[in-house]
Amino acid sequence: KYHVSSTGVDVEKFDAVEVEQKPYSIGFLGSLDWMPNQEGVKWFLEKVWLFIRQKAPQIQLNIAGKNAPDWLHAFNNPKENIHVVGLVDSAGQFLKEQEVIVVPLLSGSGMRIKIIEAMAAKKAIVSTTVGAEGIPIKDQCILKNDAEKFADAVISLINNKELKEQLESKAYDLAVSVYSNQSKVNELIQYYKTLIK
């Protein structure tokens, strides 16, 4: 017999963070020295952001993560509403400040911990299908692979507070029920019980 336990998150840590969302803010959080993250952010900046700027120029993009390369820092332009903030002191605070979290990954393997953390932070998320691989997504976040459709999904959440709040609640419920540390511990305890019967 064997049991596979996925990585859990400390939901209570995110619950303890109390900050106001910044209006019209969308954010990306991830290690910026990881090639799939660089690839995804580059695609977002060069393909998706064009549509967002055309249709909703008030939206602010915030990109956070360690070891941002020079080419990414070159995109930093407050006049164009692009803010490359680099390493942040608190991932929880950064996530909670954003109205929408984007996960524009095009490649990579394994479960994306940052999307689970965003769910634990009760965020509305727009992701590619690759970005959400390994997570039993039904209607907990919006999945789009086309650049313009990805942009439209982001804009729809910014403009529709009711839809955004519904997505936030569903994402949080998934994080608590499936990916919280407590949930993972309970699964392991049940598995251990089957071994000692």
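First, the ground rules. The model is predicted, so local features need pLDDT of at least 70, side-chain atom pairs count only at pLDDT 80 or more, and totals for chains, interfaces and linings use all residues. Residues are numbered from 1 along each chain as its sequence is written, and side-chain values use heavy atoms, with hydrogens and water left out.

Let's start with charges. Side chains of opposite charge can pair when their charged atoms come close. A salt bridge here is a side-chain nitrogen of Lys or Arg within 4 Å of a carboxyl oxygen of Asp or Glu. How many salt bridges does the structure hold? It holds 12.

Take Lys 22 and Glu 97. Their side chains meet in a salt bridge, 3.7 Å from N to O. Lys 22 lies in the loop between α1 (11-15) and β1 (25-29), and Glu 97 in helix α4 (residues 91-97), so this pair ties together parts that are 75 residues apart in sequence. Helices (H or I, at least four residues) and strands (E, at least two) are DSSP runs, numbered from the N terminus.

Are these two side chains buried or exposed? Buried means under 20% relative accessible area, exposed over 50%, and partly exposed in between (1.4 Å probe, protein chains only). Glu 97 counts as buried, at 14%. Lys 22 is partly exposed, at 43%.

Next, Arg 53 and Glu 80. Their closest N and O atoms are 3.5 Å apart. Arg 53 sits in helix α2 (residues 35-55) and Glu 80 in the loop between α3 (70-73) and β3 (82-86), so the bridge ties together parts 27 residues apart in sequence.

Now Glu 99 and Lys 164. They form a salt bridge too, at 3.8 Å, N to O. Glu 99 is in the loop between α4 and β4 (100-103), and Lys 164 is in helix α7, 65 residues apart. Glu 99 is buried, at 5%. Lys 164 is buried as well, at 4%.

On to the helix pair. Helix α7 (residues 161-179) packs with α8 at about 30 degrees, their axes 5 Å apart. Axes are lines fitted to C-alpha atoms, for helices over the stretch in contact, and angles run from 0 to 180 degrees between N-to-C directions.

Last, the end of α8. Leu 195 is in that helix (residues 181-195). Leu 195 is partly exposed, at 46%.
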